[in-house]
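Please walk through this model from the whole chain down to single residues.

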Amino acid sequence: SEEDMYRDEEEIEREKMLLCETNSSGYKLSVSPEMDIMEYCRKEWRGDTPAAKRMRKGYEAVAQKFASIRRIRGDNYCAFRATLFQALSQATQLPRWLQSEDFTMLPENLLSKYDWIKQWQLKQKPGKKMGEISDEIKEYLILLRKKWKNISEIKDPLEKQEACDKLFKNEEEEYSLYEALKFLMLNTAIELYNADKSGRRVPVFSWLLFARDTSSNPCQLMHNHLNHIGHSGGLEQVEMFLLAYALQYTIQVYRLYKYSTDEFITLYPNDPEEDWPVVTLITEDDRHYNIPVRMCQETML
C-alpha cells in the first residue's frame with residue numbers, strides 16, 4: 001500500500017505479528033503478559049538505523065521508571081484499551097462522575113436535546129437508529145460502572161490484576177466498555193462546545209478539536225470521527241485530550257520517536273487537574289499504544 005512506502009519491512013512485519021498474536025485458544029490477546037522492557041526493546045529494535053537508535057534510547061529512559069511492558073492488541077481501539085486497562089489496574093475507588101445518579105440517563109437526556117445523535121453507530125451494528133439502541137448504550141454505561149466498582153474494591157494487587165486480565169479476555173464486555181467511552185467523549189465534547197459558545201473558559205485543545213474542517217461542531221465530530229473509532233480509525237492526538245477529559249484522568253505518554261525533544265513525555269491534558277489520577281502509556285508512532293508496568297522500586301520511593 002501507499003503507506004507501506006514510508007515504513008521498513010521490519011516495522012510492517014512487527015505490526016503483522018502483533019495483529020496475529022493469539023493465545024492457545026486462538027483468541028487474540030487484548031493485553032499480552034508482561035515482558036522485561038529492555039528485552040522487548042532489543043527484540044524489536046535490532047538495527048543501526050537512526051530510528052532504531054532513537055527507540056532504544058527512548059526505551060532505556062522508560063526503563064529508569066518501569067521494569068516491564070505489556071503489549072496491547074493492535075486494532076483501532078488500542079488507545080482505549082491501554083488507557084482503560086491502566087485506569088482499572090490502579091483503581092481504588094469509583095470516580096465521582098461514575099457515581100452520579102444521572103450517569104446512566106446520558107443517552108436518553110442527550111437524545112432529547114440533539115436529534116442528530118440518532119446517527120450514532122455501534123460497533124458491528126452500523127445503521128441501527130439511536131432510538132433503538134439508546135437502551136444498549138445505557139447497558140454499556142451500567143457495565144462500565146459495575147466493572148470499575150468491582151475492580152476498585154479489590155484490595156489485593158495480584159487479585160486486582162487477575163480481575164483486569166479476565167475482563168480484557170471477554171471480547172463482548174471489552175468492546176461494550178469502549179462504546180461507553182466513545183459516548184462519554186461525545187458528551188464531554190458537547191459540554192465543551194456549549195461552554196465555549198456561552199463565553200465560558202474552555203481548555204485550548206477544545207478550540208483545536210472544533211477548528212478542524214471535519215469536526216467544527218459535535219455533530220460533525222460524531223459523524224466523521226467518533227463513529228469511525230474502532231471501525232476504520234483510532235484516536236487522533238486531539239482526541240486523546242478529549243478521552244482524558246471524559247475520564248478525568250491524566251494520560252501520560254512516552255512518545256519514543258520524540259526522544260530527546262520536549263515532546264518525549266506528553267501529558268493529555270497538558271495542564272491537568274491536581275486531583276486527577278495518572279495513567280502511563282508508551283507509543284512508538286502515536287498510532288499504537290502499549291503499557292509500562294512494575295514501577296521501579298527507586299521510583300516508587
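Accessible areas here come from the Shrake-Rupley method with a 1.4 Å probe. By that method the chain of this predicted model exposes about 15800 Å², and carbon and sulfur atoms supply 48% of that area. Of the 301 residues of the chain, 49% count as buried, where buried means under 20% relative accessible area. The secondary structure consists of 13 helices and six strands. Among contacts between residues at least 6 apart in sequence, 72% join residues at least 24 apart.

Next comes the empty space. Rolling a probe the size of a water molecule over the atoms shows where such space is left. The second largest pocket holds about 740 Å³. It is lined by 24 residues, and those closest to its centre are Ser-89, Gln-161, Val-293, Arg-294 and Met-295. Which elements each supply at least two residues of this lining? They are strand E2 (66-70), helix H4 (78-89), helix H8 (157-167), strand E5 (278-283) and strand E6 (289-295). The largest share, six residues, comes from H8. By type, the lining divides into 12 nonpolar, six polar and six charged residues.

Gln-64 sits in the loop between helix H3 (50-63) and E2. With a relative accessible area of 59%, Gln-64 is exposed, since the cut-off for that class is over 50%.

H8, which gives the pocket lining its largest share, can also be read by its faces. Lys-160, Cys-164 and Leu-167 are buried in this helix. These three residues cover an arc of only 65° around the axis, so they lie on the same side of H8. The face turned away from that buried side carries Leu-158 and Lys-166, both exposed.

Helix H6 (residues 106-113) can be read in a similar manner. Its buried residues include Leu-106, Pro-107, Leu-110 and Leu-111. They cover an arc of only 120° around the axis, and therefore lie on the same side of H6. Ser-112 and Lys-113 are exposed on the face turned away from the buried side.

The last stop is the backbone. Most residues other than glycine have a negative phi, and most peptide bonds are trans. Where does the chain have a cis peptide bond? The bond from Tyr-268 to Pro-269 is cis, with omega near -5°. Pro-269 lies in the loop between strand E4 (265-268) and E5.

Gln-248 is not a glycine, yet its phi is positive, at about 55°. This residue lies in the loop between helix H12 (237-247) and strand E3 (250-255), and at 30% relative accessibility it counts as partly exposed. Asp-286 also has a positive phi, near 65°, in a residue other than glycine. Its place is the loop between E5 and E6, two strands that each supply at least two residues of the pocket lining. Is Asp-286 buried or exposed? Asp-286 is buried, with a relative accessible area of 13%.

Note on methods
Residues numbered from 1 in each chain as written. Predicted model: local features only at pLDDT ≥ 70, side-chain atom pairs only at ≥ 80, totals over all residues. Heavy atoms only, no water. 1 Å grid on protein atoms, 1.4 Å probe; cavity = no way out; pocket = protein on both sides within 12 Å on 5 of 7 lines; lining within 4 Å. Points joined across faces, edges and corners; volume = space filled by probe spheres on them. Helix = DSSP H or I, 4+ residues; strand = E, 2+ residues; numbered from the N terminus. Nonpolar A, V, L, I, M, F, W, Y, C, P; charged D, E, K, R; others polar. Buried < 20%, exposed > 50% of the residue type's maximum accessible area, 1.4 Å probe, protein only. Arc of directions from axis to C-beta. Contact = heavy atoms within 4.5 Å.
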